[in-house]
Amino acid sequence: MRKNFGAKPWTYPQPVFILAAYGDDDLPNAMNAAWGGISEANEVTVCISAGHKTTENIQKRGAFTISMATAPQMAACDYVGIVSGGDVVDKVEKAGWHTTKSDFVDAPLIDELPMALECKLVSYDPRSCRLVGEIVNVSADASVLDAEGKIDPDKLQPILFDPIHTTYRKLGEVVGRAFHDGAKLK
């Protein structure tokens, strides 16, 4: 028997994204966002409200990065989600992070978060809170690459948001091969 919960913003997994952009003063700002994902081959969509300082910065600069939150940086990733850049202008520094300017867009890469999407702003709708970015580049630190030069999720240690229990979880083990294991049912 199923239990009905009504309309809720619940899916599993929900990635934990850290959006970063430069402000007017060229200081990096970052925020935690869990409602988002790939919406086209070179496009990402994230739901963020208009009241965020990061939203304002993205609209002004026309660019942003999305880093994958990681288990080693979980506390800092949570911190940038509970503190407003409008109140704490140096929250990236207070999170213990360092940044490097992207070579592809006018936005900061967070050095301590080893994988990021580098995006140009396509659109933002304040009514629906829908932010759409064109993925210009994906970058990853060598520390999270496997022997073939591909991103290794075990090394990356991305975290997921559990909206039901309001917790963060680590990505789990491999259970099968995509576009392969279902073929036996043909």
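Two strands are said to pair here if DSSP finds at least two bridges between them, and the strands themselves (E, at least two residues), like the helices (H or I, at least four), are DSSP runs numbered from the N terminus. This is a predicted model, in which local features need pLDDT of at least 70 and side-chain atom pairs count only at pLDDT 80 or more, whereas totals for chains, interfaces and linings use all residues. Residues are numbered from 1 along each chain as its sequence is written, and side-chain values use heavy atoms, with hydrogens and water left out.

## The protein as a whole

The secondary structure of the protein comes to four helices and 12 strands. The radius of gyration, which is taken over C-alpha atoms, is 17 Å, close to the 16 Å that the globule rule gives for 186 residues, so the protein is as compact as a globular protein of that length; the rule itself is 2.2 Å times the number of residues to the power 0.38. Along its principal axes, the C-alpha trace spans about 55 × 45 × 30 Å.

Of the 186 residues, 39% are buried, where buried means under 20% relative accessible area, exposed means over 50%, and partly exposed lies in between (1.4 Å probe, protein chains only). Among the contacts with a separation of 6 or more, 57% are made by residues 24 or more positions apart, a contact being heavy atoms within 4.5 Å. The accessible surface comes to about 11000 Å², and carbon and sulfur atoms hold 53% of that surface.

Strands of a sheet pair through backbone hydrogen bonds, either parallel or antiparallel. In this protein, an open sheet of three strands has the order β1-β11-β12, and its pairing is antiparallel. The edge strands, each pairing on one side only, are β1 (14-15) and β12 (167-170).

| Residue | Relative accessibility | Class |
|---|---|---|
| Ser67 | 0% | buried |
| Thr167 | 31% | partly exposed |
| Ala142 | 60% | exposed |

Ser67 lies in strand β6 (residues 63-68), and, leaving aside its neighbours within four places in sequence, Ser67 is in contact with Val16, Phe17, Ile18, Ile110, Leu113, Met115 and Ala116.

Thr167 belongs to strand β12, and, not counting residues up to four places away in sequence, Thr167 touches Leu160, Phe161 and Asp162. Although Thr167 and Ile18 are 149 residues apart along the chain, their C-alpha atoms are separated by 16 Å.

Ala142, by contrast, is found in the loop between β10 (130-140) and α4 (153-156). The C-alpha atoms of Ala142 and Ala183 are separated by 34 Å, and the two residues stand 41 residues apart along the chain.

Definitions and conventions: Accessible areas come from the Shrake-Rupley method with a 1.4 Å probe; for residues, only the protein chains shown count as cover.
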